[in-house]
Amino acid sequence: MDMTSPQAEGPPDGYGPFAHLTAPNVLLYRAVMRAFLLAKERFAVHLRPEDVYAGLSGARPAELDAVVKALDSLVGWGNLRADPDTGRVTAVEDFYRKRFIYQLTREGEAAEEALSAYDEALGRRGALQAVALHDIVTQLRALLVLAAEEEPDPAKTHLALDGLASRFGALADNARAFMGSLQRTIDLHDVGEEVFLAYKDQLIQYLERFIQDLITLGGRIARLILELEEGGSIELLLRAAAAREAADATPQEAAYAGQAAYERWAGRWAGLAAWFLSRDGRESQARLLRGRALGAIPQLLAVVRSLNERRAGRSDRSADFRTLARWFAEAPDDDARHQLWRTAFGLYPARHLTVDAETLAARHARPEPAGTAWADAAPLRISPQLRRTGSYERRGKPRRVEDRQEARRLLAETAAKQAAETAAARARLVTHGITRLSGLGELDPLSFRLFLQLLGDALATWRPGMTHTAATSGDGSMEIRLTAPTDGSTAEVRTPDGNFRGPDHTIEIVDLTEGRGRDGA
């Protein structure tokens, strides 16, 4: 009777469960392991070979024996464990057959979890989660309410901190993954040119929308963090959450569980604060992320410009050589390839020698060895015109110079129209003194876009604790001065495309070009 387990192919070491990744039948081994993972989700512990064969996804082996051999190999590597299958023995002969049932080992399950995490990380593109910023604001406000209580409820405190850490961790991980995938997109590593050109506008709008949310909500989050840190309120909340976690510690860990839990929570809070606050001469992660996102927009536009120039026929050496290689491969014979070579690289014969079809036919009829001296070879006839003028070309009428006055006129009209529209938008935004955002009234689309740019420049300079800021537009034509009131009112700016709402501010917008124009006059 032979009911021993299958022999191991080699002594398993610490990484033995990963050995199947370099084996010839790696796809079959991965499919077998996935079948065991799916069975585990259905609470099935043991599987017979026929069960594994039925659970294989995709292409299956033709014979069950291939699956049995794969199972025995996985047992040898330590991924599976084989136990004698005595449940189906109905005759004496069955005791002499090798029958096993298989189950996942702890090492095999850990290896599959690691491979699943690896596959997920490779396929993850990430996202810039503006919703997570709103959730972080909500959780921080909930912590402020708990900090104001004389004895904060430990359960509510732990739940609020856990939700805050979860949302912040998702925000940081997704932002890191997205910026990595964005750089690969800019380098055209993960996406084709057609796909990139199709969704570039959506990607740029996505970046601009997140940057605006990060500017507005990042400052709010920073202020809430500072409020919690004032007076040590956050430390009390962190210790309450740590004490609740330490209550479930085992007797062996009880002595140091509370301090270890507090250090974990303090580290998480320090990471959150470093993400939104610039301290000790070190810029916050939110500011670095904003800079990376802002820098990605011109990089995306540069890639678009490069692709458009390539499509318009401008010089691209790599594309030209690929096209030339394809032409060489498609040439019907060597004569065509020689002609293509001469045309592509300019390796023509001497210009003063005429080699026409008649000359080539004569050479084929009476070939000359390559070592024949020039004096002994058949002569070549030279055109008398070449001797008289030094050129075969007949001089004709020069090309007519194209008149571009109409195109220049259209460009000048377009530039003048755009300058007039921009000047009108600036004139519409000038406040001629201090006013409220709510007093701007209705803005046309061009004026509204200019207003958003000015407002974004001002908010980008806003720091926690500030009540007043001033900023100049990128072209130096306008200045905006912004002051936060204390009444908490809301402003609404109407546009043809919708209404823009937000906290009201006192505002003053100055057109700096007017002063320069008067000075020049």
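Biologist: Before we get to the strands, when do two strands pair?
Modeller: Two strands pair if DSSP finds at least two bridges between them. In this predicted model, strand β5 (residues 478-483) and strand β8 (residues 506-511) pair in the antiparallel sense, and they do so over 6 bridges.

Biologist: And which residue is the bridge partner of Ile480 in β8?
Modeller: Ile480 has Ile509 as its bridge partner in that strand.

Biologist: What order do the strands of the open sheet have?
Modeller: The open sheet has 4 strands in the order β3-β8-β5-β4, and the pairing is antiparallel. At the edges stand β3 (435-436) and β4 (468-472), and because each has a single partner strand, one side of each is left without a neighbour in the sheet.

Biologist: Which helix lies across β4, β5 and β8?
Modeller: That is helix α16, residues 445-460, which lies across those three strands and runs at about 60 degrees to β5.

Biologist: Let me pick a residue from that helix, then. Is Ser447 buried or exposed?
Modeller: Ser447, which is found in helix α16, has a relative accessible area of 1%, so it counts as buried.

Biologist: What does Ser447 touch?
Modeller: Leaving aside residues up to four places away in sequence, Ser447 touches Ala425, Arg428 and Leu429.

Biologist: Changing topic to the backbone, what is phi of His432?
Modeller: Phi of His432 is near 55 degrees, which is a positive value in a residue other than glycine. His432 sits in the loop between α15 (405-429) and β3, and with a relative accessible area of 69% this histidine is exposed.

Biologist: Now the surface at the other end of the numbering: which residues form a nonpolar patch with about 310 Å² of accessible area?
Modeller: The patch on the surface is formed by Tyr15, Phe18 and Leu21, and the area of about 310 Å² is what they have together. Leu21 has its place in the segment before α1 (26-41).

Biologist: Why does Leu21 count as partly exposed?
Modeller: Its relative accessibility is 32%, and partly exposed covers values between the 20% limit for buried and the 50% limit for exposed, so Leu21 falls in that class.

Biologist: Last one, for the whole chain: how many helices and strands are there?
Modeller: The protein chain has 17 helices and 8 strands, and of its 521 residues 30% count as buried. The chain exposes about 33600 Å², of which carbon and sulfur atoms supply 53%. Among contacts with a separation of 6 or more, residues 24 or more positions apart account for 67%.

How values were computed:
Residues are numbered from 1 along each chain as its sequence is written. This is a predicted model: local features need pLDDT of at least 70, side-chain atom pairs count only at pLDDT 80 or more; totals for chains, interfaces and linings use all residues. Side-chain values use heavy atoms; hydrogens and water are left out. Patches are made of residues with over 30% relative accessible area and no salt bridge: like charges are joined within 9 Å, nonpolar side chains (Val, Leu, Ile, Met, Phe, Trp, Tyr) within 5 Å. Accessible areas come from the Shrake-Rupley method with a 1.4 Å probe; for residues, only the protein chains shown count as cover. A salt bridge is a side-chain nitrogen of Lys or Arg within 4 Å of a carboxyl oxygen of Asp or Glu. Helices (H or I, at least four residues) and strands (E, at least two) are DSSP runs, numbered from the N terminus. Buried means under 20% relative accessible area, exposed over 50%, partly exposed in between (1.4 Å probe, protein chains only). Contact means heavy atoms within 4.5 Å. Axes are lines fitted to C-alpha atoms, for helices over the stretch in contact, and angles run from 0 to 180 degrees between N-to-C directions.
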